[in-house]
Amino acid sequence: MDDLTRTARDLARRHPSRCRLRQVGESRAGEPLWLLSVGHGSRNVLVVSGAHPNEPAGGAAVADLAYRAVRGGRTGRAGPGVRDRRQERDAAWHFLLCLDPDGARHTEPWTRHPGTLERQLRHFYRPAADQQPEWLPPPGRRAAPLPETRALLTVLDELRPAVQFSLHANDVGGAWAQLTHDLPGAPAALADAAAGLAVPLAAAPVDTLHMPGAGPGVFLMAAGAGLDANVVHRDWLSRSTWFHPLRYGTVTAVVETPVWAVEAIADLRPAEAPALVVGQAVGQLRAQADRLAGLLDEARTGLGAAPGPLLDAAAWLTEACFTNAAQWSAPPSPGSPPPAATAGGALALRMAAQRLPLRAAAMLARATDGHPLGPAAETLLTRWRRSYAADFGPRWIPVRDQTTLQTEFISRLARLVLNAGRRTGGSPAAHRRDR
């Protein structure tokens, strides 16, 4: 986080005519929220990094994209044609360097020196949902948005970007993207970006449960795709900052790259006995969540004082395990793909059934370190981590490759949106509404 801020300051100092760095808000702990803008084009591209503190690849991607924008959109790999480059030069790029700097402080020992899965879990932190700044408070709850959320909404309302990118990273699996609009060419853009990097494209990530697919690794979020919101994603219509700029015709893309790869996650063949896979995953998830809930009750009693962010996050994620189990068991909406329909989707479900409790156990172990309950939480974490690694055999993806995939896909998708808008005289979404 600090390195990225220094990079942004250096760019603004060396290229004052093209780069501007300004503070657009402040975190709950008083950390500044920085926006780096490059170029003076007639249309805007917004890239949001650091929404989740356990997903560090976005910061490196922002640095790469900023350097590209300073160079006028030239790419390091097979680049676009002259006409496409002209479109990139006519766009101003804006980078929100880190949306949750407070959370990022909790994971710095790992994000600064990434490596083994064990090291990541030793320093794992993912705040509870109501502390994640990409989400607005639930409807009907009298709560103000987080200051980080307000800052992002202000930037969106100011820029009205043609496209917004939210940069994320899943621990283990493959790459994928979620879009608010169906963009022809998006699956090819993702496949081209992944080519040569040995990063599989996820067939059906659990995060995209019941979402229609637009092509390998690309999924459509219901609200912006003109589809009925299903039971799993109903609250997204009013809660997510991804949908806030729909009023401006903005296309939002959530870009996910894995830290560790599992090749079979890309298997599009029909799964064997998908109902059995779902039942087993749900049973395992509930059983491990029950074990966590018992330890959490002991921790709350034993720690006495205010539980703190780690224990709060572990409790939230434990409850999310039960919620996910119910969602996986629910029948899909009409026309939506069922869970575990493909071999890759079945694998993703099995992985999530272990990953969610494993993350909660990691934060519980951190919260109880030095406490009499600590050894029990540590034993649980070690056993589950070893089982997770043995069952799925994750392969480390170098940070350089994680970054390259994000920057290449973002460059290609931005080009698609900017070119489509130029041809139609507006955004792709506005064009479809006019028809």
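**Strand pairing, helix packing and salt bridges**

Strand β3 (residues 43-48) and strand β5 (residues 163-173) run parallel and are joined by 4 bridges, where strands are DSSP runs of E with at least two residues, helices are runs of H or I with at least four, and both are numbered from the N terminus; two strands pair if DSSP finds at least two bridges between them. The model is a predicted one, in which local features need pLDDT of at least 70 and side-chain atom pairs count only at pLDDT 80 or more, while totals for chains, interfaces and linings use all residues. Residues are numbered from 1 along each chain as its sequence is written, and side-chain values use heavy atoms, with hydrogens and water left out.

Of the contacts (heavy atoms within 4.5 Å) with a separation of 6 or more, 81% involve residues 24 or more positions apart.

Helix α10 (residues 308-329) has 22 residues, which at 1.5 Å a residue should span 32 Å, and the distance of 32 Å between its end C-alpha atoms agrees with this; the expected span is 1.5 Å times one less than the number of residues. Its buried residues, among them L310, L311, L317, C321 and W328, pack against α9 (274-303) and α11 (343-367). C321 counts as buried because its relative accessibility is 0%, and C98, at 12% relative accessibility, likewise counts as buried. The structure holds 0 disulfides, a disulfide being a pair of cysteine sulfur atoms within 2.5 Å.

The structure holds 20 salt bridges, each defined by a side-chain nitrogen of Lys or Arg within 4 Å of a carboxyl oxygen of Asp or Glu. The side chains of D171 and R359 meet in one of these, at 3.0 Å from N to O. This pair links distant parts of the chain, with D171 in strand β5 and R359 in helix α11, 188 residues apart, and both residues are buried. Salt bridges that share partners join D2, E31, R105 and E108 into one network.

E108 counts as buried at 16% relative accessibility, whereas R105, at 31%, counts as partly exposed. A further salt bridge is formed by E378 and R122, whose closest N and O atoms are 2.4 Å apart. It links distant parts of the chain, with E378 in helix α12 (residues 374-392) and R122 in helix α5 (residues 117-122), 256 residues apart. E378 is partly exposed, with a relative accessible area of 24%, and R122, at 32% relative accessibility, also counts as partly exposed.

Methods:
Buried means under 20% relative accessible area, exposed over 50%, partly exposed in between (1.4 Å probe, protein chains only).
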